[in-house]
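Subject: Handover of a structure, with notes

Dear colleague,

I am passing the structure below on to you, and my notes on it follow. Please read them with the model open beside you.

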Amino acid sequence: MSAADKDGKKVYIKTFGCQMNEYDSDKMADVLEAAKGYTPTDDPEQADLILFNTCSVREKAQEKVFSDLGRVKHLKAKGVMIGVGGCVASQEGAAIIERAPYVDVVFGPQTLHRLPQMLEARRETRRPQVDISFPEIEKFDHLPPAKVEGASAFVSIMEGCSKYCSYCVVPYTRGDEVSRPFDDVLTEIAGLADQGVMEINLLGQNVNAYRGKMGDTSEHADLALLLEYAAEIPGIRRLRFTTSHPNEFSPRLIEAYGKVPQLVNHLHLPVQHGSDRILMAMKRGYTALEFKSIVRKLRAIRPDLRLASDFIVGFPGETDEDHAKLMKLVHDVGFDASFSFIFSPRPGTPAAALEDTTPYETKVRRLQELQAAIEAHALTISEAMVGKVEKVLVTGTARKDATELMGRTECNRIVNFPGSLRLMNQLVDVRITTAYAHSLRGEVVTTEEVLSA
């Protein structure tokens with residue numbers, strides 16, 4: 001590390017989009033600190049390096065990037081370096097430099113580990129650097145050991161997507177599905193457990209499509225086997241995974257809900273729609289009945305399983321009858337959380353070429369009806385929790401009152417309650433006293449461990 005690199009350099013990272021991008025941003029910070037001594041800052045005015053980790057799932061994502069770039073352009077006069085990463089970077093590549101020549105580096109999700117070398121090359125050649133290639137899983141071999149603060153952590157177990165849904169740009173920006181080796185994932189989880197992490201959330205675009213190579217053998221582990229082995233690591237108390245695809249929900253994975261007690265009773269399983277006609281046009285590969293069959297089998301093993309999902313309304317050609325079928329699925333399944341959006345055409349995807357004659361006002365009304373139904377069901381579930389004692393993993397102080405604590409139940413609900421900071425990063429028994437639209441309130445009953453005074 002050069003003397004200049006040691007001189008308190010700071011990096012500002014702005015993240016857009018999914019949890020995978022949040023994970024990647026954390027890794028960018030780790031890589032830059034290990035290689036160049038950068039420390040994070042929340043103020044771009046104080047930064048020596050500004051990075052935008054972008055998402056191209058929503059419409060006008062590219063324009064948002066250039067708008068953000070325009071707001072920091074003036075900092076170039078101070079010698080600040082600017083980079084664009086993530087999915088928009090993969091999609092646009094060198095076109096970003098052409099439109100914004102003051103950008104120094106453009107990199108994709110699979111090349112973030114090369115950031116230090118790209119920045120060095122930019123300084124030496126005085127030319128912008130672009131690397132949006134898809135090296136197979138290479139980045140994980142070049143990342144420093146994971147460092148966390150707290151009892152919960154994310155672990156990426158695979159990259160990319162091979163499903164090619166007609167509306168989705170992810171396969172084009174993150175590449176096809178590639179899984180990390182089985183032993184590498186378990187080593188990372190064990191390292192996190194040694195740092196006091198109790199809850200692990202396994203990440204992937206289609207995380208249940210995981211097929212990790214097992215050592216030097218020709219065998220591959222699926223997600224079910226990975227969960228079973230991860231549960232055996234001392235200190236791991238909770239296991240989550242996101243995001244899943246219904247077509248990859250194998251019988252073995254369903255059975256894991258009966259075999260792995262650390263596997264939480266909360267699942268994010270995107271369905272996208274309830275009309276078979278629309279699901280076919282989306283190229284999802286399953287019917288509404290097949291989706292409900294998966295849920296039925298899961299709930300036969302875990303009756304208290306809580307389901308979150310993703311929904312797209314206003315897909316090209318969607319009729320009132322299609323929307324009614326979506327609403328029926330929502331009521332039949334009983335989702336209690338969702339990411340739901342109006343269809344947004346992404347350049348280069350098959351769905352972008354489909355004729356769309358549905359008025360925007362109709363799409364808004366359908367979205368509001370969907371969200372209201374899910375919110376109502378979620379509140380019903382929350383109200384049924386009042387009076388019950390829940391195990392809560394304390395993750396920080398309450399957002400609205402820093403004198404109180406905040407944590408999450410096994411079913412992923414936020415609970416705020418009064419308590420000592422000694423309870424931070426502990427599993428605590430909390431009696432639920434009040435249910436709100438998006439959170440719960442409670443009071444400490446007992447702590448799981450005897451805590452020193």
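**Notes on the cysteines, the backbone and the confidence**

Cys-18 is partly exposed, at a relative accessible area of 35%, where partly exposed covers the range between buried (under 20% relative accessible area) and exposed (over 50%), computed with a 1.4 Å probe on protein chains only.

Before going further, please keep in mind that this is a predicted model, in which local features need a pLDDT of at least 70 and side-chain atom pairs count only at pLDDT 80 or more, while totals for chains, interfaces and linings use all residues. Residues are numbered from 1 along each chain as its sequence is written, and side-chain values use heavy atoms, with hydrogens and water left out.

Cys-18 sits in the loop that joins strand 1 (10-15) to helix 2 (19-36); helices (H or I, at least four residues) and strands (E, at least two) are DSSP runs numbered from the N terminus. An unreviewed UniProt entry lists Cys-18, together with Cys-55 and Cys-87, under "binding site", with positions in the numbering used here, shortened feature names, and annotations that may be inferred rather than shown by experiment. These three residues are spread over 70 residues of sequence, yet they cluster in space, with a largest C-alpha distance of 10.6 Å. Cys-55 is placed in the loop between strand 3 (49-54) and helix 3 (61-72), and Cys-55 counts as buried because its relative accessible area is 16%.

How many disulfides does the model hold? The count is zero, taking a disulfide as a pair of cysteine sulfur atoms within 2.5 Å. Cys-165 takes part in none, since the nearest cysteine sulfur, which belongs to Cys-168, is 6.2 Å away, and Cys-165 is buried at 7% relative accessibility. For Cys-168, the closest cysteine sulfur is that of Cys-161, at 6.0 Å, which is too far for a bond; Cys-168 is also buried, with 18% relative accessibility.

Turning to the backbone, most residues other than glycine have a negative phi, and most peptide bonds are trans. Against that background, the peptide bond from Thr-242 to Thr-243 is cis, with omega near 0°, and Thr-243 belongs to the loop between strand 13 (238-242) and helix 11 (251-259). Lys-283, which is not a glycine, has a positive phi near 60° and is found in the loop between helix 12 (276-281) and helix 13 (288-301). Asn-412, also not a glycine, has a positive phi of about 75°; Asn-412 lies between strand 18 (404-408) and strand 19 (414-418), in the loop, and is partly exposed at 29% relative accessible area.

Ala-437 occupies the loop between strand 20 (427-435) and strand 21 (440-447) and is partly exposed, with 44% relative accessibility.

As to confidence, the protein averages a pLDDT of 90, and 93% of the residues score at least 70, pLDDT being the predictor's confidence in each residue on a scale from 0 to 100. Over residues 1-6 the pLDDT is below 50, and beyond near neighbours in sequence this stretch has nine contacts in the model, a contact meaning heavy atoms within 4.5 Å. Residues 449-453 also have a pLDDT below 50, with seven contacts beyond near neighbours in sequence. Where pLDDT is low, the predicted coordinates should not be read in detail.

With best regards
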